[in-house]
Amino acid sequence: MACQKAHFENQILELYNKISNLKSLKPSKNIDTLFQQLMTTCLPTETNIDVKKLCPKVQDIRTNLIKLRSEAIGYSEQHFSTVLGSLKDNPLTHLDLYPYYTNYLKLSKVEFDLLMLHTSHVPTKIAFVGSGSLPFTSIILAKFHLPNTTFHNFDIDPQANSLASQLVSRDPDLSCRIIFHTMDIINATEILRDYEVVFLASLVGVDKEAKVKVIEHLEKHMAPGALLMLRSAKGLRAFLYIDVDPCDLRSFEVLETYHPSLSDGFVNSVMVARKLSD
């Protein structure tokens, strides 16, 4: 086990040195290769390595790696959203141009199944916090699973919302059911009580403190009984996304946590929690 742990630490340090010294994180073959190597290094679900027992240096760079990867994903999504938005016909018929579209299909199906398992009725109004330039979850759920539900996407970046809105603007159905709000979710208060379900994107809050701050804000303003669908990470995957512990959800009842296997085709764990009474 010590050998396995040392090997992992060396891999992470080597990748971090290469990634952190890049002049740009905008899409390129080199960027894709390095982050794919990081993904492969952190994907194993069955391992004896305890992330909390890794050397202090590796612990310290974990948050930095998540921030760098988040920035790279942002650039990649901007690029593909721009490409899709420039197409002459409905961009939503070409979503498979995005390399990880199939992953989103699989993740969204799991999230839909979990949602239906823990709600007594089909939700009519859902919020997605941190929707970005490619709001795949809202699009996929609205298009394939929840045909009568309205989705409100929140993102702090006006450019991301502008690109995202262009994707749905030429779809007669989804242009009426997917709405965009450009704001920091911390500034959203009363409006949050309108939603039966709130999704929290994995890259909202790129360190634990920021993630918990958002969760605490949702705890304060979501309606009692509303569901929170939260993406987390388990084990070594915590080098890709912030890991959220059930104890971070103090005003919620955690109903279920789904940890994917390698065969699932996506990385995130999914937590389902119900807001307790005020």
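The following legends describe close-up views of a predicted model.

Local features require pLDDT of at least 70 and side-chain atom pairs count only at pLDDT 80 or more, whereas totals for chains, interfaces and linings use all residues. Residues are numbered from 1 along each chain as its sequence is written, and side-chain values use heavy atoms, with hydrogens and water left out.

**View 1. Domain 1 and domain 2 of the chain.** The domain assignment gives domain 1 (1-88) and domain 2 (92-275); such bounds come from an automatic or database domain assignment. The C-alpha centres of domain 1 and domain 2 are 22 Å apart. Contact (heavy atoms within 4.5 Å) links 32 residues of domain 1 with 31 residues of domain 2. The size of an interface is often given as the accessible area lost when the parts come together. Here, domain 1 and domain 2 bury about 3000 Å² between them, with 67% of it on carbon and sulfur atoms; buried area is the accessible area (1.4 Å probe) that two parts lose on being put together, summed over both. Ile-66, Glu-77 and Leu-84 supply 21% of the area that domain 1 buries against domain 2, more than any other three residues.

**View 2. Polar pairs and helices at the interface of domain 1 and domain 2.** Between the domains there are 9 residue pairs in polar contact, both residues at pLDDT 80 or more. A polar contact is a pair of N or O atoms within 3.5 Å; within protein, one must be able to donate a hydrogen and the other to accept it, and residues adjacent in sequence count only if both atoms are side-chain atoms. On the side of domain 1 that touches domain 2, the elements giving two or more residues are helix H1 (2-20), helix H2 (29-42) and helix H3 (56-85). H3 gives the most to this side, with 17 residues. Helices (H or I, at least four residues) and strands (E, at least two) are DSSP runs, numbered from the N terminus. By class, this side of domain 1 has 16 nonpolar, 11 polar and 5 charged residues. Ala, Val, Leu, Ile, Met, Phe, Trp, Tyr, Cys and Pro count as nonpolar, Asp, Glu, Lys and Arg as charged, and the others, Gly among them, as polar.

**View 3. The salt bridge of Asp-243 and Arg-62.** The side chains of Asp-243 and Arg-62 meet at 3.4 Å, N to O. A salt bridge is a side-chain nitrogen of Lys or Arg within 4 Å of a carboxyl oxygen of Asp or Glu. The rule finds 1 salt bridge across the interface of domain 1 and domain 2, and 8 in the structure.

**View 4. The salt bridge of Glu-111 and Arg-231.** The side chains of Glu-111 and Arg-231 meet at 2.8 Å, N to O. Glu-111 lies in helix H4 (residues 101-117) and Arg-231 in strand S5 (residues 227-232), so the pair ties together parts that are 120 residues apart in sequence. Glu-111 is buried at 1% relative accessibility, and Arg-231 is buried at 5%. Buried means under 20% relative accessible area, exposed over 50%, and partly exposed in between (1.4 Å probe, protein chains only).

**View 5. The salt bridge of Glu-14 and Lys-18 in helix H1.** The side chains of Glu-14 and Lys-18 meet at 3.4 Å, N to O. The two residues are 4 residues apart in helix H1 and therefore separated by about one helical turn. Glu-14 is partly exposed, at 45%, and Lys-18 is partly exposed, at 41%.
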